Amino acid sequence: MERAIRCMAMRGGTSKGLYFLSDDLPSDIPTRDAVLLAAMGSPDIRQIDGMGGADPLTSKIAVVSKPSRDDADVDYLFLQCVVDEARIDPSQNCGNILAGVAAFAVLRGIVQPTGDVTRVRIHMVNTSNVAIATIETPDGVPNFDGAARIDGVPGTHAPVLLDFLDVAGSTCGALLPTGNAKDVVSGVEVTCIDNGMPVVLMRAADFGITGAETPEAMEANQDLRQKVEALRLAVGPMMNLGDVTKKTVPKMCLISPPLAGGAVNTRNFIPHRVHKTIGVLGAVSVATACVLPGSVAEGIAVLPTDGPMRLDVEHPTGFFTVDLEVEHGDDGLKVSRSALLRTARRLMDGFVFVPGRIWP
């Protein structure tokens, strides 16, 4: 017999995944993970026997529940389903999937709409931080249709505004986990930073490439991939992440001068595939490194000379705009606010089926 589990398929930002209420999943983690692997079809490079899309960006999961803390309206646990391994990874946040959480919570009745616009305080369980999502709720129902556009997603949709509060060091314990704006690892200068997502910035030129190569070309460059992975394994302990062999963090970001009028151009390993765009929190960390004196982005990034600190982080299919409020003090750089625009869309609401033997 098969087991039917209620879920919703949603696109959040430039990612796609399954959204579950925690009460609809097993309470013990090993059984829960087995259920989610079966639902997604992992481990299999095509995920042909499940709902996954054969790519890390479309093999994501949100587990949503009533809030466990007084300053939040809802809890959100992000789980990365590894495509070709029998592994569910809870070690990071995902800001793209976050973009769908507020609408999901309203549709499932956890959050009550407050008018034409609803602000939802979301406790990101992975890192114990809070984000505020502002969505349109005309007539008390989440709206997905609108004029907002984000690179990496065709068409236009209703805007989802995300504000991240105090996310610096949320995974590694400090904005600069090594204590330095720049470190030298295996002869390569790097900046290790965590403003919501652990990221290692490296100059593309230091690897003998321009940084404008396509994701496919970079993935085909075995020498480049091996060097990047060796650096990732080396910096993991330096960033207080321990052995990262089986973790999806830190993300590795190759930077180069902007190509289309933005602040910086990026190519991002997540960690073994090259992202077609860039993750939400990854973009926040990259933008923060761009305004950090002494980082590897210094001399590469083009920063605004006046007005708000608004940075366009370029990626293979466009750019990602990040608004920052920062203070430069005696204790170094302090980020008081990070904000950005995403969109989301409900794709399917119903049941996913898994073999009954997995969850009797």
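**Terms set against their definitions**

Author: The structure holds one aromatic pair. Tyrosine 19 and phenylalanine 104 form this pair. The model is a predicted one, in which local features need pLDDT of at least 70 and side-chain atom pairs count only at pLDDT 80 or more, while totals for chains, interfaces and linings use all residues. Residues are numbered from 1 along each chain as its sequence is written, and side-chain values use heavy atoms, with hydrogens and water left out.

Reader: Why is the pair of tyrosine 19 and phenylalanine 104 called tilted?

Author: Rings of Phe, Tyr and Trp (its six-membered ring) pair if their centres lie within 6.5 Å, and planes under 30 degrees apart count as stacked, over 60 as edge-to-face and the rest as tilted. Here the centres are 5.7 Å apart and the planes make 45°, so the rings count as a pair and the pair as tilted.

Reader: What parts of the chain does the pair link?

Author: Tyrosine 19 lies in strand S2 (residues 15–21) and phenylalanine 104 in helix H3 (residues 101–107), 85 residues apart. Helices (H or I, at least four residues) and strands (E, at least two) are DSSP runs, numbered from the N terminus.

Reader: What makes the charged end of arginine 3 count as sitting over the ring of tryptophan 359?

Author: The rule asks that NZ of Lys or CZ of Arg be within 6 Å of the ring centre and within 35 degrees of the ring normal. The charged end of arginine 3 is 3.7 Å from the centre of the tryptophan 359 ring, so the distance meets the cut-off, and the description "sits over" applies.

Reader: Why is helix H6 called mostly covered?

Author: Buried means under 20% relative accessible area, exposed over 50% and partly exposed in between (1.4 Å probe, protein chains only). In H6 (residues 280–290), 11 of its 11 residues are buried, among them Val280 and Cys290. Strand S13 (residues 264–269) is also mostly covered, with six of its six residues buried.

Reader: Why does glutamate 314 have no salt bridge?

Author: A salt bridge is a side-chain nitrogen of Lys or Arg within 4 Å of a carboxyl oxygen of Asp or Glu. For buried glutamate 314, the nearest side chain of opposite charge, arginine 267, is 6.9 Å away, and therefore no salt bridge is counted.

Methods
Lys, Arg positive; Asp, Glu negative; His and termini not counted.
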